[in-house]
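Have the sequence and the 3D view open as you read.

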Amino acid sequence: MGREAHSNEGGGRREGESRHVPVMLQRCLDLLAPALEGPDAVVVDCTLGLGGHSEALLARFPDVRLVALDRDKEALRLSGERLAPYGERATLVHAVYDELPEVVHRLGIARVRGVLFDLGVSSMQLDEADRGFAYAQDAPLDMRMDQTAGVSAAEVLNTYPPGELVRILRAYGEEKQAKRIVSAIVREREKEPFSNSARLVELIRDALPQAAKRTGGNPAKRTFQALRIEVNGELSVLERAIPAAVKALDVGGRIAVLSYHSLEDRLVKQVFAAGAAITAPPGLPVVPERYQPRLKLLTRGAELPTEEEIAENRRAAPARLRGAQRIREDVE
């Protein structure tokens, strides 16, 4: 999971480092290009992160105005430095991406020509040891993308009822051993509350049967994903954000969404499929305008990164890209 490749993997982040390679960058730009090549186009990068996609959009489309959102203040600060050469063409906003309609309204923008979502955790968050996103290094169990709001992963582990923890691990982590892991968590938290990631990783390793440890990488991966999604309300935010982004698009405008796990991808697929469907009752000889599709799908299913890209950037491996174009207004 994660957005931009990091050239200093595992060794901490050097401030202002510029060698971040966004996932499926060229394909995202090509998907959005037909909507952004005219004058006065506004594009919204809903997941600014370290600014790789935003910088590429500003560089490739010299007339475009960028609005970029992120809930992480540190990401906004670093991206602000990176995008400073583009001056007033870039507007950076501290916001969660389901707030897109309010943000564009506040900026006096009626409709946008392009929207990009690059979901998941940014490399900066994974690589900063004190954020607690990564199971590979010991850190405080925080996992909040905006560290000024909400509950931490430690609070979730220490206070949620067992049944709720099982639901979260199953629904958000697709963890088959959820009951076994939660039993161990409940037993251990009574002795001492959880505060750091290493103890949780060790507990998961000990709780799982041998066969479960042999499949799919680090056995803690699914639990950490589930906790991160819960802490940041990622799926409920996404459920609101994708329809809101489609609504904000001008006719002819395009949206591209990069997902990193099946739950996100399924949600995006459902919204796009609903927008591209004829909603008329069956048997009408002529389909009235209000029942016609609002969207045209731009990708056949979900597009995957190339083998070459995965070789260069292992964090691209789970990425799934879907695109759609707004083809008509809503008709009441």
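Start with the second largest pocket: β2 (20-22), α1 and α14 (307-312) each supply at least two residues of its lining. Keep in mind that this is a predicted model, where local features need pLDDT of at least 70 and side-chain atom pairs count only at pLDDT 80 or more, while totals for chains, interfaces and linings use all residues. Residues are numbered from 1 along each chain as its sequence is written, and side-chain values use heavy atoms, with hydrogens and water left out. Helices (H or I, at least four residues) and strands (E, at least two) are DSSP runs, numbered from the N terminus.

**The pocket and its surroundings**

The volume of this second largest pocket is about 200 Å³. On a 1 Å grid over the protein atoms alone, a pocket is an open set of points with protein on both sides within 12 Å along at least five of seven lines, a cavity is a set where a 1.4 Å probe fits but cannot get out, and lining residues have an atom within 4 Å of a point. Grid points are joined across faces, edges and corners, and a volume is the space filled by probe spheres set on the points.

The pocket has 13 lining residues, and V21, M24, T306, E309 and E312 lie nearest its centre. By type, the lining splits into 7 nonpolar, 2 polar and 4 charged. Here Ala, Val, Leu, Ile, Met, Phe, Trp, Tyr, Cys and Pro count as nonpolar, Asp, Glu, Lys and Arg as charged, and the others, Gly among them, as polar.

Leaving aside residues up to four places away in sequence, L304 touches M24, A319 and R320, where contact means heavy atoms within 4.5 Å. L304 and M24 are 280 residues apart along the chain, yet their C-alpha atoms are separated by 8.5 Å.

**Helix pairs**

Axes are lines fitted to C-alpha atoms, for helices over the stretch in contact, and angles run from 0 to 180 degrees between N-to-C directions.

| Pair | Axis distance | Angle |
|---|---|---|
| α1 (25-36) and α2 (52-60) | within 11 Å | roughly 45° |
| α7 (162-173) and α11 | 8 Å | about 100° |
| α11 (221-232) and α12 (234-248) | within 6 Å | roughly 60° |

Angles under 35 degrees count as roughly parallel, over 145 as roughly antiparallel, 65 to 115 as roughly perpendicular and the rest as oblique.

For α11 and α12, the angle therefore makes the two helices oblique to each other. R228, I229 and N232 of α11 meet E234, L235 and V237 of α12, a set with 3 nonpolar, 1 polar and 2 charged residues.

I229 of α11 also takes part in the contact with α7, where R167, I168, L169, Y172 and G173 of α7 meet R222, T223, Q225, A226, I229 and E230 of α11. That contact divides into 5 nonpolar, 3 polar and 3 charged residues.

As for α1 and α2, the contact includes L25, C28, L29 and L32 of α1, with H53, A56, L57 and R60 on the α2 side. Its residues are 8 nonpolar, 2 polar and 2 charged.
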